[in-house]
Every structure is written in C-alpha cells, then in structure tokens.
Amino acid sequence: MNFDQLLDAVRAHPEAVSIPPDWAQGRAAFGGLMAAMVLEAMRLKLTDDRPVRSLAISFVAPAAADVPTRFEVEVLREGKAVSTLLGRAVQDGQVVTLVQGNFGAGRPSVVQVPALPAMEMKALEDAAPELPHIPGVTPEFMRHVALRWAVGGLPFSGNASRRMGGWVRLRDVAQVQVNEAHLLALVDAWPPSLMPFLKQPAAGSTLTWTIEFIQPVAPLTTVDWCRYCVETEHARDGYGHAAASLWTAEGELLALSRQTVTVFA
C-alpha cells in the first residue's frame, strides 16, 4: 500500500489498520506515517474544515508492522476558531503514538510578518544522486520516499556540520495536491540530525516532535520536490535538539519542525 492508500484505510476503518512491513524503520513503523495516520483520524472528528496549525507528537513505543492499529481521537475543546484534539494510535492495548493537534480557522489581523528566506542549498540537478533503497541497509520505508542530499553529510559519515538536508519528495503516489499529512512524511523522512556526526552505524530515533504548518498550504503536488534543512542546536547524554524547515522548490515556507532525538552511541 502506498502512502495515500494507508490514509484512505484510516478514514475508512480507524478501528483497525495494519501497516505493511515495507513502511518500517528498524523495529518500528515509519514515524511520519504514524503521525499522518493519527492526523487523518483527527480530521474525522472535526465539524468543519478548519486547517491544522500545529501538532505535538510523542512516539511512546515502537509501532509494529502487521499488527492491527486502532486510532482513537478525543475532542478536548472546540471553540469558535480553534479546536484542540488528542489522538492515539493503539496496538494490543498499548499507546504507541500520541498526538495533540490544534486546528484553527483564519481571522482578520493587522499583523503580517513574512517568512525568513529559504535556506540556500545546491540546486536539485547539482545535489547528490537520489538515495537508493538498499535492503538491510536503508530503512524499509525509504522505497516510498526520495531524498537527495545537498547540505551536510550522510548518516555515519563523521560529518560535524550542524546542518543537514536537501531535496525530498514521495515516491509511488498519484499526482494529487499536497496536504499536511504528506508534509509530515516529507519532514520525518530524514534521519535524526545526530546521525551524520557518527562514524559507524548506531540506532537513533525521534522521542518528541512538534510541527507547525503554514496556512494555507502552498500549492504543490505529491510529485514536486521540496527543500528541507535541519540544524542541530545541542546534543549531550544521548539526546539531541534540532530545528528544521520545509520549503517548496521555489522557497515558500511549508512547515516548521522541532525534534528531540535520541542516539545510542
């Protein structure tokens, strides 16, 4: 199943969806997919089309592939403009992913502050070749996402640059308008920002993740490339703190992201 088919499955049967093994990263399902599926379950509880403004995501436990997952959503408050929801992905009675979401309609405001310019990076044609999916080496879900490095180093390269990033898009999906669920996958497709600092393979993962979406989402499709860059702000004792941004190819801001990541090395 491709990305959009899994989102369709959540909308149709949120009480039981099994994630195929080809969406795994190590022993867990791809975090960007898990967050996107919870988001889709949240949308089912909204009474209008107010867009998602921010998500706070905790990966409580590894979400296993081929295990039925139940998606539960609680509406904490629905105001005139803002709705706050709490979503859970549950396997065998255990919460594996927890998401608090804030959905807010636009309102008149005299405050208008443009986004900072997009991070400069090598043009797509000058970036590194597309990272291939190599069974047993790269995560299984990489067969569904295309990455081309343009900033910093690859994982386990011993590169001490605080910045890492490049170009990203989904593979094997129909050409449709991008929404926030797609953006979750594009941001989280990149490895934890501490990985390039290492000189040999080691495990790492995201502990908590907050992401804010710029509304309305800029017009682009699922076959368009986007620019991504993350900066490691601090790391010690096996934990790192990083901030990232995602832009369209033309430099229009799409999302702002922060992660607390862990590394076992």
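Okay, housekeeping before the tour. The model is predicted, so local features need pLDDT of at least 70 and side-chain atom pairs count only at pLDDT 80 or more, while totals for chains, interfaces and linings use all residues. Residues are numbered from 1 along each chain as its sequence is written, and side-chain values use heavy atoms, with hydrogens and water left out.

Let's start with the sheet. It's an open one of 10 strands, in the order β4-β5-β6-β3-β9-β12-β11-β10-β8-β7, with antiparallel pairing. Strands here are DSSP E runs of at least two residues, helices are H or I runs of at least four, and both are numbered from the N terminus. Two strands pair if DSSP finds at least two bridges between them. At the edges sit β4 (70-78) and β7 (145-151), each pairing on one side only. On average, neighbouring strands of this sheet are turned by 20° against each other, direction ignored.

Eight bridges join β4 to β5, residues 82-91, and the two run antiparallel. Val75, for instance, has Leu85 in β5 as its bridge partner.

Now the helices. How long is α2 from its first C-alpha to its last? Helix α2, residues 31-43, reaches 19 Å, close to the 18 Å expected at 1.5 Å a residue; that expected span is 1.5 Å times one less than the number of residues. In α2, 12 of the 13 residues are buried, so the helix is largely enclosed by the rest of the structure. Buried means under 20% relative accessible area, with exposed over 50% and partly exposed in between, using a 1.4 Å probe and protein chains only. Among the buried ones are Gly31, Leu33, Met37 and Glu40.

Which helix crosses α2? The axes of α1 and α2 come within 9 Å and cross at roughly 40°. Axes are lines fitted to C-alpha atoms, for helices over the stretch in contact, and angles run from 0 to 180 degrees between N-to-C directions. That makes α1 oblique to α2: under 35 degrees counts as roughly parallel, over 145 as roughly antiparallel, 65 to 115 as roughly perpendicular, and the rest as oblique. Phe3, Leu6, Leu7, Val10 and Arg11 of α1 make the contact with Leu33, Ala36, Met37, Glu40 and Ala41 of α2, where contact means heavy atoms within 4.5 Å.

Last stop: α1, residues 3-12, also packs with α3, at about 130° with axes 11 Å apart. There, Phe3, Asp4 and Leu7 in α1 meet Ala181, His182 and Ala185 in α3.
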